[in-house]
Structure formats: structure tokens, C-alpha cells
Amino acid sequence: MSDVDIVAYLKENKALVDSALKEFFPETNPLFPMMRYSIEGGKRIRPILAITVYQAAGGKDLTAILPIACGLELIHTYSLIHDDLPCMDNDDFRRGKASSHRKYGEAPAILAGDGLFAYAFELFTLGNTLANEKCLIVQAVSEAVGPKGVVYGQLMDIDEEKRMEPCSLRTIHVHKTAKFIAVSVLAGAILAKVSKAVQDTLKTGGLYMGMLFQYTDDILDVVGEKKTLGKTPGKDSVAGKLTASALYGIDGARFRAKRYADHAIAQFKKLGSDFSLLCHLTSFILNRTF
Ligand code: GRG
């Protein structure tokens, strides 16, 4: 792989996403500031993936991809707000500050999440061009985050009766995290109108990357800097939580994370050098410290 400053790339694209997000948050009623509060502070991995793939596939119109990228971030933020609720993970901190329900109360936090979820679809379908592609993106995202994806993964995750074994872990990780990462990759590809074969390769690579992402999340929960970022340290490793580090130990989880990274990179390499940033992003995720 050639030398790429992936940290600078992420910083630059995060700034791009952050400034687009700002545009999409008018303060027309009290819900928008509440939604914006939770939006602030994330790494923007999902929107950056969508932008990266769109540009790798030859897409040139940032004004077309940015609302899609921001919509993905809105849905992700929504999932974090609901994940933190007392009836779910019961977390007091998120993105370096009080979680939404700790700041605004439980009912307003639920509504801020609901607002973000619906508003994402308004952003996906913004404008009068590329109607077919936008429809395909809405279809793919709904499938990835709905009852066949994130919502099901979360239900499995909070199930106190679940078996503490590899196949349960895999089901949770695929649905809760990997499908969302994969559809972020896919959204950029759909908007850039790449062939079905390329889409399939990107989706497979995206699923491996998503598994890698959740493995590194589980590892960092034990050995990382989440405390300084305001996430309750060790929360996911309490008894009853099925995580990669709890099941395999840190070394076992690291070994498997590397294997997922290798699988993702093997898929992305099939697409040639235009998509090499995806290989760099995969390596960055494998080695991330936050
Ligand atoms: C329908 C999307 C949706 C949600 C409803 C509450 C719920 C069901 C799902 C929760 C899923 C969840 C919290 C998955 C965890 C995924 C994950 C690894 C989060 C951390 O992502 P980062 O590291 O966080 O990208 P930042 O803050 O940087 O964006």
C-alpha cells in the first residue's frame, strides 16, 4: 500500500461532514438543538465511508453525497441515544458529555432520537435528482438498520438469556454494527452508480470491516481511552454482556480482529487502486486507539 496520511484524511473529511451537518440543523424549534447536542463529537466513520466510496467510484458532486452521508450519521446518533437509555445500556455519558437522557430527561431524549431517525430520510431524499439511486439507498439503509439489521442486533444484545457463545456474538455483531458499516460503504457506491458486481464486493468488504469495527470497539472498551472520551469505562464488559473480549480474551479478540481486517482488505483489493483508501481505512480501524 502506498503512503497515505489517513489521520489527515479522516480529519479533513470529518470537518466536511461537520460543516454539512451544521447546515442541516436550523434552530426552528427546541428539538433541533437537542438533536444537535447528541450529533456533536462523533468520529463520523459512517459518513466518511460513504464519501470515500462515492469519490473512489468517480462521484464528483459533493452536494449530492453529503446529505446521504449526514443522514447516516443521524441514524447512527439516534441509535446511540436509544442505546444509552436506562431501559437499554443505561449509560450516563456519550461522546465526552452527559448522554441525551441525562441532559434532557428520558422522554425528550427518546423524541430527539425519533427526530434524528425520521430527519435522516428527509436528507436521503433531498433534491430533485438521482431519484432512483436515492430510492435504492433508502431501501438498503432501511433493511440494514431495521428488523433485519441493527434493531434485531440490539434485541439480541439486551437479551439476558442469550447463550455466551461464538454464534450469539456473531449474530449480535453482524446485525448491530456490521450491516450499518456495510450499508454506509454501499450508499456511496449506489449514488455513484457502480455495477452490481462492484456493489456486492464492497458490501462483503464492508461487512468484514463492520465486524472489525465492533471487535476493536469491544477491545477498546477494556484497554482503550473511552474513559477520557466520556463513555462509561468497562460498561460493555460487565457480567451478562457478550463481547469479543469477554468471550475470547483480549489476545483472542485482537487475533480475530486482524483476520476480519485481512478479509476486508482482500475484498477491497479486488476493486483496484481507485479503492485503496478503503484498505487504509481498514488498517486504521484495526489499529485505532479511540
Ligand atoms: C434503528 C439504528 C437503529 C437503532 C435502534 C438502540 C438500537 C436500536 C441500537 C443500538 C446499536 C448500537 C449502539 C450499536 C453500537 C455500534 C457502535 C460500535 C457504536 C460506536 O460507534 P463509533 O465508535 O461512535 O463510530 P462515534 O461516537 O465516534 O460516532
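Is Ala197 buried or exposed? I looked this up to start, and Ala197 counts as exposed because its relative accessibility is 52%. My cut-offs: buried means under 20% relative accessible area, exposed means over 50%, and partly exposed is in between, with a 1.4 Å probe and protein chains only.

**Ground rules.** I am reading a predicted model, in which local features need pLDDT of at least 70, side-chain atom pairs count only at pLDDT 80 or more, and totals for chains, interfaces and linings use all residues. Residues are numbered from 1 along each chain as its sequence is written, and side-chain values use heavy atoms, with hydrogens and water left out.

**Overall build.** I found 13 helices and two strands in the protein chain. Here helices (H or I, at least four residues) and strands (E, at least two) are DSSP runs, numbered from the N terminus. Next I checked the radius of gyration: for 290 residues a compact globule would come near 19 Å, and the protein chain has 18 Å, so the two agree. That radius is taken over C-alpha atoms, and the globule rule is 2.2 Å times the number of residues to the power 0.38. The C-alpha trace spans about 50 × 45 × 35 Å along its principal axes.

The accessible surface comes to about 13,300 Å², and 56% of it belongs to carbon and sulfur atoms. These areas come from the Shrake-Rupley method with a 1.4 Å probe; for residues, only the protein chains shown count as cover. Among contacts (heavy atoms within 4.5 Å) with a separation of 6 or more, 73% join residues 24 or more positions apart.

**Charges.** I got 35 positive and 33 negative side chains, with the centres of the two sets 3 Å apart. Lys and Arg count as positive, Asp and Glu as negative, while His and the chain ends are not counted. Each charge is placed at NZ of Lys, CZ of Arg, CG of Asp or CD of Glu.

**Cysteines.** How many disulfides does a search of the whole structure find? It finds zero, taking a disulfide as a pair of cysteine sulfur atoms within 2.5 Å.

Ala197 sits in helix α10, residues 196-223. From Ala197 to Ala244 I count 47 residues in sequence and 32 Å in space, C-alpha to C-alpha.

**Two positive phi values.** Leu130, in the loop between α6 (106-124) and α7 (131-145), has phi near 50 degrees, a positive value in a residue other than glycine. Leu130 is partly exposed, at 25%. Lys193 is not a glycine either, yet its phi is about 60 degrees. Its place is the loop between α9 (166-191) and α10, and at 55% relative accessibility Lys193 counts as exposed.

His82 lies in helix α4, residues 62-84, and is buried at 15%. Beyond its neighbours within four places in sequence, His82 is in contact with Met88, Ala109, Ile110, Gly113 and Asp114. Leu242, in the loop between α11 (226-229) and α12 (244-269), is buried at 3%. With neighbours within four places set aside, its contacts include Lys162, Met164, Leu169 and Leu247. Leu242 and Arg95 are 147 residues apart in sequence and 22 Å apart in space, C-alpha to C-alpha.
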